[in-house]
Amino acid sequence: MSNHGTVARQSRVTVPSPGCLTAIMVPILTVLIAAAVLMVTHYRQERANERNKAEALDRTAALARSYARDVAADPNGFPGQEAVRGIAERHDARLLSYARSKDSLTTTVRFFGEYEDTSMFGVSYSRAYRCYSVVLRKGAGGGPQARTSPLEKCDVI
């Protein structure tokens, strides 16, 4: 009792039991581990998607070189627009522009490469596009020589 005749309250400091601490810490640690696993998985998927897209763009460069060789190999010199369009379609491409003069042929062609794009929800297939300017000029030997260069933008859809 206190000096005034009332019951005094005692404040007691209690230490939680080890089982109580475990009950609090286990869910927190589980959430942190799950978040870390998801972050690592997402990072690895993004790197794989970037690598797959880069490989698809490398394939477009190979298709552009093959297209240029086929156009330059035409036996009649510079092929007509419909023949060039057919060659582009055989190389998974779309002819965007065609300009022919006496000594040169300039085409703009859009190529695409498919690649796998993975996410947490599954795999989808995407396309990577790249446009190339292909210029053929008559060389010193009389045959056409091709120069293929990638374009920064594909303005024409």
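## Salt bridges

A salt bridge here is a side-chain nitrogen of Lys or Arg lying within 4 Å of a carboxyl oxygen of Asp or Glu. Searching the whole structure with that rule turns up three salt bridges. This is a predicted model, in which local features need pLDDT of at least 70, side-chain atom pairs count only at pLDDT 80 or more, and totals for chains, interfaces and linings use all residues. Residues are numbered from 1 along each chain as its sequence is written, and side-chain values use heavy atoms, with hydrogens and water left out.

Let us visit the pairs in turn. Arg-47 teams up with Glu-50, and their closest N and O atoms are 3.0 Å apart. Both residues sit in helix 1 and are three residues apart, so about one helical turn separates them.

Arg-85 is partly exposed, because its relative accessible area is 26%, while Glu-82 counts as exposed at 57%.

The remaining pair is Arg-127 with Glu-114, whose closest N and O atoms are 3.8 Å apart. This pair links distant parts of the chain, since Arg-127 is in strand 3 and Glu-114 is in strand 2, 13 residues apart. Arg-127 has a relative accessible area of 43% and is partly exposed; Glu-114, at 45%, also counts as partly exposed.

## The overall plan

Now step back and look at the whole chain. It has two helices and four strands, and reading along the sequence gives the pattern α-α-β-β-β-β.

How many of the 157 residues are buried, as a percentage? The share that counts as buried is 26%. The accessible surface of the chain comes to about 11300 Å², and 55% of that belongs to carbon and sulfur atoms. These areas come from the Shrake-Rupley method with a 1.4 Å probe, and for residues only the protein chains shown count as cover.

The four strands form an open sheet in the order 1-2-3-4, with antiparallel pairing. Strand 1 (93–100) and strand 4 (144–150) are the edge strands, each pairing on one side only. Two strands pair if DSSP finds at least two bridges between them. From one strand to the next, the twist averages 25°. Angles run from 0 to 180 degrees between N-to-C directions, using axes fitted as lines to C-alpha atoms, for helices over the stretch in contact.

Strand 2 and strand 3 form a hairpin with two residues between them, and 16 bridges join these antiparallel strands. Strand 3 (residues 122–138) is joined to strand 4 by seven bridges, and these two strands also run antiparallel. Follow Val-135 in the structure: Val-135 is the strand 3 bridge partner of Thr-106, and the strand 4 bridge partner of Val-135 is Arg-147. Lys-138 has Pro-144 as its bridge partner in strand 4. As a rule, in a regular strand the side chains alternate between the two faces of the sheet.

## Helices against the sheet

Helix 1 (residues 18–72) lies across strand 1, strand 2 (104–119), strand 3 and strand 4, and runs at about 155° to strand 2. Helix 2 (residues 81–90) packs on the sheet, touching strand 1 and strand 2, and its direction makes about 150° with that of strand 1. Contact means heavy atoms within 4.5 Å. Of the contacts in the chain with a separation of 6 or more, 46% are between residues 24 or more positions apart.

## A nonpolar patch

Which residues form a nonpolar patch on the surface? They are Ile-24, Met-25, Ile-28, Leu-29, Leu-32, Ile-33 and Val-37, with about 660 Å² of accessible area together. Patches are made of residues with over 30% relative accessible area and no salt bridge: nonpolar side chains (Val, Leu, Ile, Met, Phe, Trp, Tyr) are joined within 5 Å, and like charges within 9 Å. Ile-24 lies in helix 1 and counts as partly exposed, because its relative accessibility is 46%.

Conventions. Buried means under 20% relative accessible area, exposed over 50%, partly exposed in between (1.4 Å probe, protein chains only).
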